[in-house]
Amino acid sequence: MTGTEPLPGAVRIVPAGAAHAGIIAHLSEVGAAASWSASAVVRILALPGCWALLAIAPDGEPTGFVMVRIAADEAEILNLVVAEGARRKGIGRALLDAVTARAGRCGVSAMYLEVATANAAGRALYESVGFQQVGNRRDYYRNGDGNYTDALIMKRAIVKSGTD
């Protein structure tokens, strides 16, 4: 990815770095069960093979992000969040499409992620772009009520497409 990727409705997907850590932390806090601090985002992005993409609405407002780690020819989505008011507008799919394309250019052949069993919308989105369940982590996520829920491990094949 060399810059921005225009999407329907003029939403753009742009590379994100340490300068965007506060934005990513804020989106994480308001949109996910487990939030990350800005300092944690900076530390993660500094790790080899880690990178992020940010979704920007036409008004310039950040509406979502995806963070990825690549090791050898595999990638793992560490977190994908779309702001509550921006959900069900294709932003999650656009982030997945962009991250998949970039991962393919990086030589990735498979992408993994974990999703809470209770996250029906997330599971449906991931399945709609080709992810399939390959495992289960019992009592992996802690709910807001102090109880735990399982995480499904999902995998998708990626077509390698040159270099990034």
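Modeller: Starting with surface, the accessible area of the protein chain is about 8500 Å², and carbon and sulfur atoms hold 50% of that. Accessible areas are from the Shrake-Rupley method with a 1.4 Å probe, and for residues only the protein chains shown count as cover. Keep in mind that this is a predicted model, where local features need pLDDT of at least 70, side-chain atom pairs count only at pLDDT 80 or more, and totals for chains, interfaces and linings use all residues. Residues are numbered from 1 along each chain as its sequence is written, and side-chain values use heavy atoms, with hydrogens and water left out.

Biologist: What makes the protein chain as compact as a globular protein of that length?

Modeller: First the layout: the chain has four helices and eight strands, where helices (H or I, at least four residues) and strands (E, at least two) are DSSP runs numbered from the N terminus. In order from the N terminus, that reads β-β-α-α-β-β-β-α-β-α-β-β. The radius of gyration is 15 Å, close to the 15 Å from the globule rule for 164 residues, so the chain is as compact as a globular protein of that length. That radius is taken over C-alpha atoms, and the rule is 2.2 Å times the number of residues to the power 0.38. Along the principal axes, the C-alpha atoms fill a box of roughly 40 × 35 × 30 Å.

Biologist: Why is H3 called largely enclosed by the rest of the structure?

Modeller: Buried means under 20% relative accessible area, exposed means over 50%, and partly exposed is in between (1.4 Å probe, protein chains only). In H3, 11 of the 15 residues are buried, so the helix is largely enclosed by the rest of the structure. Among them are Ile91, Leu95, Val99 and Arg102. For the whole protein chain, 43% of the 164 residues count as buried.

Biologist: How do you know that the span of H3 is close to the expected one?

Modeller: The expected span is 1.5 Å times one less than the number of residues. H3, residues 91–105, reaches 21 Å from first C-alpha to last, close to the expected 21 Å.

Biologist: Why is Thr100 called buried?

Modeller: Thr100 sits in H3, and its relative accessibility is 11%, so it counts as buried. Neighbours within four places in sequence aside, Thr100 is in contact (heavy atoms within 4.5 Å) with Met111, Arg156 and Ile158.

Biologist: How do you know that the structure has zero disulfides?

Modeller: A disulfide is a pair of cysteine sulfur atoms within 2.5 Å, and a search of the whole structure finds zero. Cys50 has its nearest cysteine sulfur, that of Cys106, 12 Å away, and is in no disulfide. Cys50 is buried at 11% relative accessibility, whereas Cys106 is partly exposed at 34%.

Biologist: What makes the phi of Arg88 worth a remark?

Modeller: Most residues other than glycine have a negative phi. Arg88 is not a glycine, yet its phi is positive, about 65°. It lies in the loop between strand S5 (74–82) and H3, and its relative accessible area of 79% makes it exposed.

Biologist: Which label does Asp139 get, exposed or partly exposed?

Modeller: Its relative accessible area is 42%, so Asp139 is partly exposed. Asp139 is in strand S7 (residues 132–142), and although it is not a glycine, its phi is positive at about 50°.
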